[in-house]
Amino acid sequence: MASTSRIIASSILTIALTIGLAVFSLAPPSPATAQDVSDPRQEIKLDPAERAFVLAEMRGFLQSVEGVIGALAADRVADAQPSAAKSGMRVMHSVPPTLPTKLPKEFMMMGRATHQAFDALAEEAASMGDKTAVLKQLETILNTCNTCHSSYRLSGR
Ligand code: HEC
């Protein structure tokens, strides 16, 4: 009795393994192929230093977002000014000279628009200090972050 159920169990296992292997052999041949299919973002090829620069700039963006939200949440709108200004146009002065030639025009435009929008937010926070207006500006900025992120990825580690 026990041995019969062992035989049945091992037959089921054999069948399951066979199906498993059959399914596996139908899988895409290489991870690279799978990535191309599943990632529709346009690839931008950079060298490691250029890529590191862009990613550092990105982390600066996220820090600015944190600073602005922190100031608004604490009802100290004017405190958003320095955090936002850190991601303003002045960041673009330190761009590696080779970088602009490698970035698509739309990418450059969205990047520039984001820096300008942070400057405008800094100005609004320091002058009128209208919380709703600042939040609205932040929403527009985040919309550009998301638009760019869904369009491009960087390669060159
Ligand atoms: C002009 C295009 C563009 C804009 C605008 C943009 N990003 Fe990015 N961001 C990218 C790309 C491209 C990557 C790399 C994605 C990849 O290779 O998978 C990236 C990566 C990042 C990363 C990861 C950094 C790391 O160290 O890996 C963060 C965080 C980030 N972005 C935050 C933001 C925030 C916040 C904003 C808006 C305030 C923003 N980005 C606006 C293009 C953009």
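Visitor: Which element gives the most to the shell around the ligand?

Guide: Helix α3 gives the most to that shell, with 6 residues, where helices are DSSP runs of H or I with at least four residues, strands are runs of E with at least two, and both are numbered from the N terminus. This is a predicted model, in which local features need pLDDT of at least 70 and side-chain atom pairs count only at pLDDT 80 or more, while totals for chains, interfaces and linings use all residues. Residues are numbered from 1 along each chain as its sequence is written.

Visitor: Which residues come nearest to the ligand, and which elements each supply at least two residues of the shell?

Guide: Of the 18 residues around the ligand, M58, F61, C145, C148 and R153 come nearest, a residue being near if its C-beta atom, placed from the backbone, lies within 6 Å. The elements that each supply at least two residues of the shell are α3, α6 (105–126), α7 and β2 (152–155).

Visitor: What makes α3 roughly antiparallel to α7?

Guide: Helix α3 (residues 48–73) and helix α7 (residues 131–149) pack at an angle of about 160°, with their axes 11 Å apart. That angle makes α3 roughly antiparallel to α7, because the term applies to angles over 145 degrees, taken between N-to-C directions on a scale from 0 to 180.

Visitor: Which residues make the contact between α3 and α7, and how do they divide by class?

Guide: From α3 come F61, V68 and L72, and from α7 come K131, V134, L135, L138 and C145, where contact requires C-beta atoms, placed from the backbone, to lie within 7 Å. These residues divide into 7 nonpolar, no polar and 1 charged, since Ala, Val, Leu, Ile, Met, Phe, Trp, Tyr, Cys and Pro count as nonpolar, Asp, Glu, Lys and Arg as charged, and the others, Gly among them, as polar. By class, the shell around the ligand has 12 nonpolar, 4 polar and 2 charged residues.

Visitor: Why does L62 count as exposed?

Guide: L62, whose place is in helix α3, has 11 C-beta neighbours inside 10 Å and therefore counts as exposed, the cut-offs being 12 or fewer for exposed, 20 or more for buried, and partly exposed in between. The C-alpha atoms of L62 and S87, which are 25 residues apart along the chain, are separated by 9.3 Å.

Visitor: How many residues has the protein chain, and what share of them count as buried?

Guide: The protein chain has 157 residues, of which 15% count as buried, and the chain has 7 helices and 2 strands.

Methods:
Parallel < 35°, antiparallel > 145°, perpendicular 65-115°, else oblique. Contact = placed C-beta atoms within 7 Å.
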